Amino acid sequence: MIKVSLGCGRKKMDGYVGLDIQDFGWNIIWEANNSLPINVQNCDLIEAYNFIEHIDRKTAIKVFNSCWAALNKGGIMKVLVPNAEKHIDLALCDPEHLSLWVKGTFTQYLTGNRPRNYNGA
């Protein structure tokens with residue numbers, strides 16, 4: 001089972017391939033604008049915990065597309081970001097947060113459908 005952690009950080013996660021822009025000694029150096037490395041293709045699990053908000057939305061689309069291509073049939077992608085709708089303070093407090101996310105954003109990105117309240121703006 002191949003498990004991947006996007007934006008893995010310093011803490012080594014046993015059983016995971018870590019991808020991060022910085023070298024922490026256990027991970028693969030990876031820039032989010034690039035496709036996932038070949039050695040993490042055909043994965044069963046991709047986790048992006050507190051990572052997606054650190055990239056802009058155009059890059060996020062590239063990351064999601066790369067993840068879908070890398071996941072095996074039945075594979076799972078888990079994403080955790082501050083919910084700007086409920087916790088704007090968490091979403092805005094880190095100056096390195098480049099994008100804000102709400103439930104409707106994921107509905108649009110992950111299913112290709114517009115949220116029900118989408119007004120075209």
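What share of the 121 residues in the protein chain is buried? In this predicted model, buried residues (under 20% relative accessible area with a 1.4 Å probe, protein chains only; exposed means over 50%) come to 37% of the chain. Local features need pLDDT of at least 70 and side-chain atom pairs count only at pLDDT 80 or more, while totals for chains, interfaces and linings use all residues. Numbering runs from 1 along each chain as its sequence is written, and side-chain values use heavy atoms, with hydrogens and water left out.

The chain has 3 helices and 5 strands, taken as DSSP runs (H or I, at least four residues, for helices; E, at least two, for strands) numbered from the N terminus. Along the sequence they read β-β-β-β-α-β-α-α.

Now to helix H1, residues 57-70. Thr59, Ala60, Val63, Phe64, Ser66, Cys67 and Ala70 are buried in H1. They sit on the same side of H1, because their arc (directions from the helix axis to the C-beta atoms) covers only 165 degrees. Over on the other side, Lys58 and Ala69 are exposed. At the start of H1, a side-chain oxygen of Asp56 comes within 3.1 Å of the backbone nitrogen of Lys58.

Glu53 belongs to the loop between strand E4 (43-49) and H1. Setting aside neighbours within four places in sequence, Glu53 is in contact (heavy atoms within 4.5 Å) with residues including Leu80, Pro82, His97 and Trp101.

Conventions
A polar contact is a pair of N or O atoms within 3.5 Å; within protein, one must be able to donate a hydrogen and the other to accept it, and residues adjacent in sequence count only if both atoms are side-chain atoms.
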